[in-house]
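Student: I would like to read this model slowly, one question at a time. Please start with a term that I will need on the way.

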Amino acid sequence: MKYAFPENFWWGSACSATQTEGESQGSGKGLSIWDHWFAAEPNRFHNGVGPQNTSTFYQHWKADIQLLKQLNHNSFRTSISWARLIPDGVGEVNQEAVAFYNQVIDELLAQGVTPFITLFHFDMPMAMQEIGGWENRDVVAAYARYAETCFELFGDRVMHWFTFNEPIVPVEGGYLYDFHYPNVVDFRRAATVAYHTVLAHAQAVRAFRAGHFAGEIGIVLNLTPSYPRSQNPADVKAAHHCDLLFNRSFLDPVLRGEYPADLVAMLKAHDQLPACLPEDSALIADGKIDLLGINYYQPRRVKCRDTAINPQAPFMPEWFFDSYEMPGRKMNPYRGWEIYEPGIYDILINLRDNYGNPRCFISENGMGVENEQRFIENGQINDQYRIDFISEHLKWLHKGISEGCNCLGYHMWTFIDNWSWCNAYKNRYGFIQLDLTTQQRTIKKSGEWFAETSLNNSFDK
C-alpha cells in the first residue's frame, strides 16, 4: 500500500545546540548548567562523556548541512544556545555566536532547508541558574529579552520559532526526579518552575507579536498519552491526573490561554500552587501559539495506587497513580520504553476534537539503540528496525491526517548520532552514524530510506 502525504509536507529531523555543537567552553560562550554539572559530577554522565564532546556541529556545520540536503530534508530544527549568544544570560551579545548562527541559517536556506529554531532546549545559562533559574521572575524577564534579541537578529530569515523544547522535562528532571541539574526534589518548586516557564513563553510570544516579525511562533511539547489499565473509575481518574500533570499543564496554557480548572484545584488542595500575580492571567492568554511541535516517543500507562502514601515522603505526582506494565507490550529494550505507534494518532485526534485542531507537526519521534555497530553490513549500519519504527508511526500519522488532523510534517530525532544528556552516546538515534574517534559521518540504511520517502513525499509498505 502507498502512503502519500500532503503537498509541502515538512520532512526533516531535529537536534539541539548543546547536544551537537561542542565548543561548549570556547568561542565566547558562557557556561550552561550542563558545563557546570559535568565539571562537578562527571560520574553522572555515561562513560564520563560531557557536553564538550558532542558531534562537532560548531566546526562541521557546512558539511553537515550538505548531508541534510543529501537526505532530502526540506526542514530542520535546531536550537540557539542562550549561553552562547548572551554568555551571562543578560548583557552583551557574543558576536562570534551571531556570526555562527547567521552562517548556519544562511547555509540552510541556500541548500533549500527551512530552519526551525528553538530558543530554549534544557540549557539554562549558569549565571541565570545561580540566581534561581526558572524559580526567579528576573530570569523570566531575561529570557524574554534574549528571545527578542534572537527575533531581531535572525527573524528576517527564520519563519518558524519555538519558545521551548519539552518544557516539562527540566521540571521533572531538575525539580522532581533528580535526572537534571539542579537535582532538587520539591514539588512546590517544580510547580513554580513550570509556571514561570509558561510566563516566559508568553512573554516571548508577546514580544514576537509586538515586533511584527514575519513567520510564526510556537512551542514543542512532549506529549505522552495516558492510558488507564482498565475502565474502572479509579484507573480512569489516575490517567486523568497523569494527563493534567504531564500534558495539560503546558498544552492548555499555550493552546487555550489558561490552565485546566481541575489541575488548579488539585494543586490547591495539596497546597502546591505557585505564587501568581494579578497580571499573569492576561499574559498567559497572550501566549497562544501559531504552531505546535509534538514530540512523541512512548505512552504512559497507569493504574490507581495499590498502596497507601508514606506521609513522611515528599509530595510527588505518584501520589495520584501507579505505573502499569501492559502485558505483551512492544518494547525498545535499549531505552526501556514501550513502542506504541497508535499513540501518535491518539494525540492528533485529541488535538482535533478537544483543542480546535491546531496547526501542528511531529517535531520528534525516534528510536535509540545501543551498540549499533553490530548491524554493520558492507560498511553501513543496516538499521531496518528504525525504518520499521518510522514507517509504522507514519502509517498512524497518515491515518490522522486522512481524518482531518492539521498535521503539517514529521521530524525524526535525530540527524547525526548525538550526545543525549546523561546518557551521552549510550543509545544512537541518528540517520547518520558518528564515529566518536574520527568524527566521520556515515549514512545508515534508515537515512537512505528517509531520503527516498521525503523525495517521493510517500512510501510503500
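Tutor: A residue is called buried when its relative accessible area is under 20%, exposed when it is over 50%, and partly exposed in between, with a 1.4 Å probe and protein chains only. Please keep in mind that this is a predicted model, in which local features need pLDDT of at least 70 and side-chain atom pairs count only at pLDDT 80 or more, while totals for chains, interfaces and linings use all residues. Residues are numbered from 1 along each chain as its sequence is written, and side-chain values use heavy atoms, with hydrogens and water left out.

Student: Is A451 buried or exposed?

Tutor: A451 is found in helix α15, residues 445-456, where helices (H or I, at least four residues) and strands (E, at least two) are DSSP runs numbered from the N terminus. Its relative accessible area is 9%, and since the limit is under 20%, A451 counts as buried.

Student: Leaving aside neighbours within four places in sequence, which residues is A451 in contact with?

Tutor: Contact means heavy atoms within 4.5 Å, whereas A451 and G400, 51 residues apart in sequence, are 23 Å apart in space from C-alpha to C-alpha. With neighbours within four places in sequence left aside, A451 is in contact with Q70, L71 and N72.

Student: Which strands make up the closed barrel?

Tutor: Two strands pair if DSSP finds at least two bridges between them, and β3 pairs with strand β4 (residues 114-118) in the parallel sense over five bridges. Within that pairing, F76 has P115 in β4 as its bridge partner. The closed barrel has eight strands with parallel pairing, in the order β2-β3-β4-β5-β6-β8-β13-β17.

Student: At about how many degrees to β5 does helix α7 run?

Tutor: Helix α7 covers residues 137-154 and lies across β5 (160-165) and β6 (216-222). The angle between helix α7 and β5 is about 155 degrees.

Student: Why is one side of β7 and of β10 left without a neighbour in the sheet?

Tutor: These strands belong to an open sheet of three strands, ordered β7-β9-β10, with mixed pairing. Strand β9 (residues 300-303) and β10 run antiparallel and are joined by two bridges, and S323 in β10 is the bridge partner of V302. One side of β7 (226-228) and of β10 (322-323) has no neighbour because both stand at the edges, each with a single partner strand.

Student: For which residue does UniProt list "active site"?

Tutor: UniProt positions are given in the numbering used here, feature names are shortened, and annotations may be inferred rather than shown by experiment. The residue lies in strand β13 and, at 3% relative accessibility, counts as buried. The unreviewed UniProt entry lists for "active site" E364.

Student: Which residue does E364 meet in a salt bridge?

Tutor: A salt bridge is a side-chain nitrogen of Lys or Arg within 4 Å of a carboxyl oxygen of Asp or Glu, and the structure holds 29 salt bridges. The partner of E364 lies in strand β3 (residues 75-79), 287 residues apart from E364 in strand β13 (residues 360-364), and both are buried. At 2.8 Å from N to O, the side chain of E364 meets that of R77.

Student: How many residues apart in sequence are the parts that R206 and D286 tie together?

Tutor: The side chains of R206 and D286 meet in a salt bridge of 2.8 Å, N to O, and R206, at 36% relative accessibility, is partly exposed. R206 lies in helix α9 and D286 in the loop between α12 (280-285) and β8 (291-295), so the parts tied together are apart in sequence by 80 residues.

Terms used. Axes are lines fitted to C-alpha atoms, for helices over the stretch in contact, and angles run from 0 to 180 degrees between N-to-C directions.
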